[in-house]
Structure formats: C-alpha cells, structure tokens
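Reader: I would like to discuss the structure shown below. Please begin with the terms.

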Amino acid sequence: MRERIGALLDEARAALDGADTPQSLEALRVQYLGKKGPLSALLRGLGQLSAAERPEAGKWINAARVEMESAFAAREAGVKKAARALALAGETLDVTEPREDYPLGLLHPISTILDELVDLFSGMGYEVVEGPEVEYDLYNFELLNQPRHHPARDAQDTFYIEDNIVLRSHTSPVQARTMLSRKPPIRIISAGRCYRADEADATHSPVFHQIEGLYIDKGVSMSDLKGTLEAFARRVYGPEVNVRFRPSFFPFTEPSAEVDLTCPACKGAGGCRVCKGTGWVEVLGCGMVNPKVLELCGIDSAVYSGFAFGMGLERLAMQRFGIPDMRWLFEGDARMLGAGRGGSAQTEGRRGE
Ligand SMILES: [Zn+2]
C-alpha cells in the first residue's frame with residue numbers, strides 16, 4: 001500500500017510538471033483527485049483490509065491527498081503567474097510607434113464669432129447675462145412694446161408653446177428681465193439661440209443665434225451707440241472698415257437704425273456676390289431704447305436713457321468666413337469647423353460642391 005501511494009505521488013508530480021495551462025491543470029485534478037481517481041479508489045478499498053491495517057492505511061491515503069492538493073496549488077500559482085507574464089509581454093506599449101493622424105476638435109464658426117464678441121464687449125465693461133429659450137409672451141413681446149396684435153407678433157413668425165408661452169424669437173427678453181431686476185447703470189450683452197417659424201434656406205433657419213447689447217445710464221446718447229458699434233466693427237472687420245447708419249424701425253427702440261459695414265469680400269469696391277454689388281453689408285439693428293420700454297420695465301425715462309443693439313451670429317459668420325449658405329452652419333459637416341484658424345481654407349472643400 002505504502003509503495004503504491006508513493007508511486008502515485010511521483011507520477012502525479014511528474015504529470016504536474018508538464019501542465020502549463022489552467023486547462024491541462026484542471027484535467028489532471030480530475031484525473032488524480034476526482035471521485036474516479038486512484039486515491040478515491042484506494043479509500044473505497046479500505047473495507048477489504050483487516051481491522052489492524054485499516055487505520056494506518058487510511059492515514060497514508062489522507063496524507064497523500066493533502067500532499068497532492070498542495071502540489072496542485074503550487075503548480076496552479078506558477079501557471080497563473082506565467083500566463084500573466086505572457087499577457088503583459090503581449091501588451092507592451094511601444095511609445096516610439098508613429099500614431100495615426102486624426103483631427104483635433106475645432107470650434108464651430110458661430111462659437112468663434114461669439115467668443116470674439118464676448119471678449120470684445122467684456123473688455124468694454126459689459127456683463128454676459130443669459131435667459132430662458134422658452135419664454136413668456138410678456139418678456140418676449142409685451143414689455144418690448146409689442147402688444148397683442150402687433151404685426152411683428154404674427155403667428156407665422158413665432159413658435160407658440162401655449163397661448164402665453166413662446167420659443168423666444170430674439171434675445172431681447174433677457175433685456176426686459178434685466179431691466180426689471182436691476183437698477184441702472186445697466187451694461188449687459190446676452191447671446192444665444194432664438195427661434196422663428198422660417199423655412200430653412202440659404203439665408204434663413206428656424207433656429208439661429210443672436211447677440212444683443214443694452215446700456216442704460218444717465219445721459220446715454222446716440223453718439224455713445226455709434227462709438228460702441230464703430231469699436232465693434234473695427235475689431236471684427238478690421239481697422240479700415242467704414243460704418244453706415246440707416247434710419248429704420250423697431251418697436252423697442254426710437255430712433256432706430258440699421259448698420260451697414262464695408263463689404264469684407266470686395267472691400268467696398270462693389271460688384272461682388274457677398275454684398276450684391278453695393279459695397280456694403282447689413283450687419284445689425286440698433287437704436288435708443290424706446291422710453292415706453294423703459295417705463296414698462298420700471299425705469300424712469302425722465303432720468304435714464306439707453307441704447308440697444310442686436311445682430312445675428314450666422315450672418316456675421318457667413319460674411320466673415322465666406323460661407324454662402326446658412327444651412328451649412330447646422331448640418332454637422334466637420335469641414336465647417338476651425339473657421340477663424342484659416343477658416344476659408346477649411347470650408348473650401350464644401351464650396352466646390
Ligand atoms: Zn462686396
């Protein structure tokens with residue numbers, strides 16, 4: 001019995017030395033330690049031994065089982081370690097390997113223009129204020145001198161959520177909210193998405209972006225407005241730009257003006273597509289805040305005056321980067337990105353379509 005057990009252990013050890021994977025190890029475990037293995041068979045055979053031999057034989061068998069189990073455990077640890085070392089060797093990182101070229105994230109033309117304008121007006125003391133895109137009729141229209149049945153409120157132009165709730169059709173409700181919640185002097189810009197029920201075409205989009213400015217204090221005049229907008233024009237269109245004010249009408253300003261700038265494409269020479277041959281491009285609307293708006297928003301128009309201006313970021317981006325179709329700004333074509341870092345080159349691929 002003792003010799004048989006000794007031979008069995010030697011055989012198992014030799015087999016274990018050759019096992020180098022978890023699978024082969026498991027097969028050996030079943031073979032030697034399983035219910036049908038030799039140790040189990042020996043235990044079952046104990047009954048045929050004499051009562052005197054039985055206890056000692058049982059001890060040898062159990063000792064052999066313990067020894068075999070520890071041999072398996074040791075081998076298993078070795079196999080795992082080897083497998084891990086192999087996996088690590090396979091995953092070695094070669095830091096000298098050349099990487100595939102992939103494009104970096106770049107700013108959208110609208111973001112480029114917006115960042116620049118926020119930077120400019122912040123430098124002139126304007127604070128950036130935000131407001132909701134889903135807005136009460138009160139702030140979007142009524143406080144801005146556009147009572148019910150005003151032509152500018154035509155249901156065809158404005159998205160109504162409910163009878164008195166709209167998707168804001170301009171960023172001006174932020175001005176109304178600010179005038180109601182603060183005392184002058186007020187010097188703010190607000191920018192963001194606006195909505196109008198327009199069909200999307202080369203110059204219209206149902207969602208678009210505006211930036212607006214509002215300055216209210218004692219003694220603010222039209223010349224302050226002109227100086228501010230000339231500074232804006234020089235910054236965005238270059239120092240040579242000419243600025244032209246044309247009388248216009250807006251319900252919330254009086255007097256009101258449209259502002260034209262020298263065409264950035266032909267430098268005012270005319271005869272180009274961007275300016276339709278006039279040498280000027282229309283850029284923004286502005287005016288002195290209508291005293292009625294000041295009063296509606298709780299500001300004494302006998303003491304305070306102010307100006308407001310607003311412009312579409314899409315139009316600025318299109319003029320600046322030579323983008324001929326507003327839809328390009330919303331279609332998610334990556335070639336639109338990076339405007340402002342050689343933007344015209346970036347959009348060149350698209351223009352050839
Ligand atoms: Zn032109």
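Author: Helices and strands are DSSP runs counted from the N terminus: a helix is a run of H or I with at least four residues, and a strand is a run of E with at least two. This is a predicted model, in which local features need pLDDT of at least 70, side-chain atom pairs count only at pLDDT 80 or more, and totals for chains, interfaces and linings use all residues. Residues are numbered from 1 along each chain as its sequence is written, and side-chain values use heavy atoms, with hydrogens and water left out.

Reader: Where is Ser169 found?

Author: Ser169 sits in the loop that runs between β4 (165–167) and α7.

Reader: Buried or exposed, and at what relative accessibility?

Author: Ser169 is classed as buried because its relative accessibility is 6%. Buried stands for under 20% relative accessible area, exposed for over 50% and partly exposed for values in between, using a 1.4 Å probe and protein chains only.

Reader: Which residues does Ser169 touch?

Author: Leaving aside residues up to four places away in sequence, Ser169 touches Asn140, Phe141, Thr158, Cys194, Tyr195, Arg196 and Phe208. A contact here is a pair of heavy atoms within 4.5 Å.

Reader: And Ser190, which strand does it lie in?

Author: Ser190 belongs to strand β5 (residues 186–195). With 3% relative accessibility, Ser190 counts as buried. Beyond residues up to four places away in sequence, Ser190 touches Val129, Thr171, Val174, Gln210, Ile211 and Glu212.

Reader: Changing topic: what coordinates the zinc ion?

Author: Four cysteine SG atoms do, from Cys263, Cys266, Cys272 and Cys275, at 2.2 to 2.3 Å. Donors are N, O and S atoms within 2.8 Å of the metal (3.2 Å for Na, K and Ca), and sites may look incomplete because water is not among the atoms. Along the chain, the donors of the zinc ion follow the spacing C-x2-C-x5-C-x2-C. Cys266 and Cys272 are both buried.

Reader: What do the angles among the four donor atoms make of the site?

Author: The angles are 105 to 115°, and the site of the zinc ion is tetrahedral. For reference, the ideal angle for four tetrahedral donors is 109.5 degrees.

Reader: Next, the helices. How do α2 and α4 pack?

Author: Helix α2 (residues 22–33) and helix α4 (residues 54–90) pack at an angle of about 175°, and their axes are 11 Å apart. The two helices, α2 and α4, are therefore roughly antiparallel to each other. Angles under 35 degrees count as roughly parallel, over 145 as roughly antiparallel, 65 to 115 as roughly perpendicular and the rest as oblique. Axes are lines fitted to C-alpha atoms, for helices over the stretch in contact, and angles run from 0 to 180 degrees between N-to-C directions.

Reader: Which residues meet there?

Author: From α2, the residues are Pro22, Leu25, Leu28, Arg29, Tyr32 and Leu33; from α4, they are Arg65, Met68, Glu69, Phe72, Arg75, Glu76 and Val79. By class, the contact of α2 with α4 has eight nonpolar, no polar and five charged residues. Ala, Val, Leu, Ile, Met, Phe, Trp, Tyr, Cys and Pro count as nonpolar, Asp, Glu, Lys and Arg as charged, and the others, Gly among them, as polar.

Reader: At what angle do α5 and α10 cross?

Author: Helix α5 (residues 109–123) and helix α10 (residues 313–321) cross at roughly 105°, and their axes come within 9 Å. That makes α5 roughly perpendicular to α10. Their contact comprises nine nonpolar, one polar and three charged residues.

Reader: Now the backbone. Which residues does a cis peptide bond join at an omega of about -5°?

Author: That bond joins Glu254 and Pro255. Glu254 counts as partly exposed because its relative accessibility is 48%. The peptide bond from Pro184 to Pro185 is cis as well, with omega near 0°. Pro185 is in the loop between α7 (173–181) and β5.

Reader: What is phi of Lys276?

Author: Phi of Lys276 is near 55°, which is positive although the residue is not glycine. Most residues other than glycine have a negative phi. Lys276 lies in the loop between β8 and β9 (280–289) and is exposed, at a relative accessible area of 75%.

Reader: And Asn145, buried or exposed?

Author: Asn145 counts as buried, at 14% relative accessibility. Its phi is also positive, near 65°.

Note on methods: Four donors count as tetrahedral if all angles lie between 85 and 135 degrees; four count as square planar and six as octahedral if opposite donors are over 155 degrees apart and all others between 65 and 115; anything else is irregular.
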